[in-house]
Amino acid sequence: MQQLDDLNVLASFLAVAQERSFTRAARRVGVSRSALSHAVRGLEERIGVRLLSRTTRSVSPTDAGEQLIARLGPALDDVAAVLREIAGLSARPTGRIRLVAPRLAAKMLVAPKLEYFTRTYPDVVLDIDTDDSPLDLVAGRYDAGIHLGEFIERDMIATRVSRDQRGAIVASPAYLASHPPPSTPRDLPEHRCINIRMGRAGVYRWEFDLGPQSLTVGVDGPLIIDDMDMTIGAAMDGVGLAFTLEEYVAPHLASGALVRVLEDWCPPFAGFFLYYPSRRQQPAALTALIDTLRYHADEPR
């Protein structure tokens, strides 16, 4: 706050020096003449140098005052220019937006809209980090994040960016030909399963629901992978069962490259949301990103 006060006092001095009048300068900066005179006198006393020569009829800078004006004018112009530039962030999409999202969400939801976003908002730099762990946006200096609704803190503003999702347990036809398909999640310990690591949250424990029953199963298998494309590739190669999202593997299910099991145990759940700390003084670039990624019920699958 002291630095802001100093800036106000310096701007007041410059106004008096430019106007050659306390009365006109007071009108210009919107304060009383006495307050302006007190501020300038306080500045002179603090630095121990007289900056203005005053008579009852005129005001003019001293040599010291002229030296200060020569440096102060351009500096305050620079400050004003920066403030105008920053203020423009709320009106026109420009600047850098930092987004963090799980890799799966980034591929499914962000990647398909990058061409549109960069073409429509050429003055915005979208800086994307992929991280499967739920993160503190403020501590990480992110403007927004994407995650499943269950991982988003209640004090965040959240906007849906995907339809409801469903889990899908999948394997190749070759794997299922040599391993009887599981009939319940309790059969999974008898199978080779491909584990997926969710960032710093660790290895994901597979979650299931069927009516009132809820089960969480820690599975075992020959692989632990932190990339869903590698996981799906391994499942297609017959390594074992994999847990993924139905929407993500829909083409492989349609082609028969993968077969789904335990479908009854995988009901729909709320999908991905874009979240951010506050609506107050929201940059136009963030508004543009929200509008681009926002899910609409009439979007094609």
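Residues are numbered from 1 along each chain as its sequence is written, and side-chain values use heavy atoms, with hydrogens and water left out. Since the model is predicted, local features need pLDDT of at least 70 and side-chain atom pairs count only at pLDDT 80 or more, while totals for chains, interfaces and linings use all residues.

Helices (H or I, at least four residues) and strands (E, at least two) are taken as DSSP runs and numbered from the N terminus, and two strands are said to pair if DSSP finds at least two bridges between them. An open sheet is formed by 5 strands in the order β4-β3-β5-β15-β6, with mixed pairing. Strands β4 (124–130) and β6 (157–160) each have a single partner strand and stand at the edges, so one side of each is left without a neighbour in the sheet. Direction ignored, neighbouring strands of this sheet are turned by 25 degrees against each other on average; axes are lines fitted to C-alpha atoms, for helices over the stretch in contact, and angles run from 0 to 180 degrees between N-to-C directions. The pairing of β6 with β15 (residues 272–276) is antiparallel and extends over 4 bridges, and within it I157 stands opposite Y276 of β15. Helix α11 (residues 284–293) packs on the sheet, where it touches β3 (95–101), β4, β5 (144–148), β6 and β15, and its direction makes about 170 degrees with that of β15; contact here means heavy atoms within 4.5 Å.

In the loop between β6 and β7 (165–171) lies S162, which counts as buried at 2% relative accessibility; buried means under 20% relative accessible area, exposed over 50%, and partly exposed in between (1.4 Å probe, protein chains only). The side chain of S162 reaches the backbone nitrogen of F272 at 2.8 Å. When neighbours within four places in sequence are left aside, S162 is in contact with L109, G271, F272 and Y295.

The largest pocket holds about 600 Å³ of space. On a 1 Å grid over the protein atoms alone, a pocket is an open set of points where a 1.4 Å probe fits, with protein on both sides within 12 Å along at least five of seven lines, and lining residues have an atom within 4 Å of a point. Grid points are joined across faces, edges and corners, and a volume is the space filled by probe spheres set on the points. The lining comprises 29 residues, of which L148, Y204, F243, L245 and F269 are the closest to the pocket centre. Among the elements that each supply at least two lining residues are β9 (206–210) and β10 (213–217). These two strands pair in the antiparallel sense over 5 bridges, with S214 in β10 as the bridge partner of D209, and they form a hairpin with 2 residues between them, where G211 in the turn has a positive phi of about 60 degrees.

Most residues other than glycine have a negative phi.

Terms used:
A polar contact is a pair of N or O atoms within 3.5 Å; within protein, one must be able to donate a hydrogen and the other to accept it, and residues adjacent in sequence count only if both atoms are side-chain atoms.
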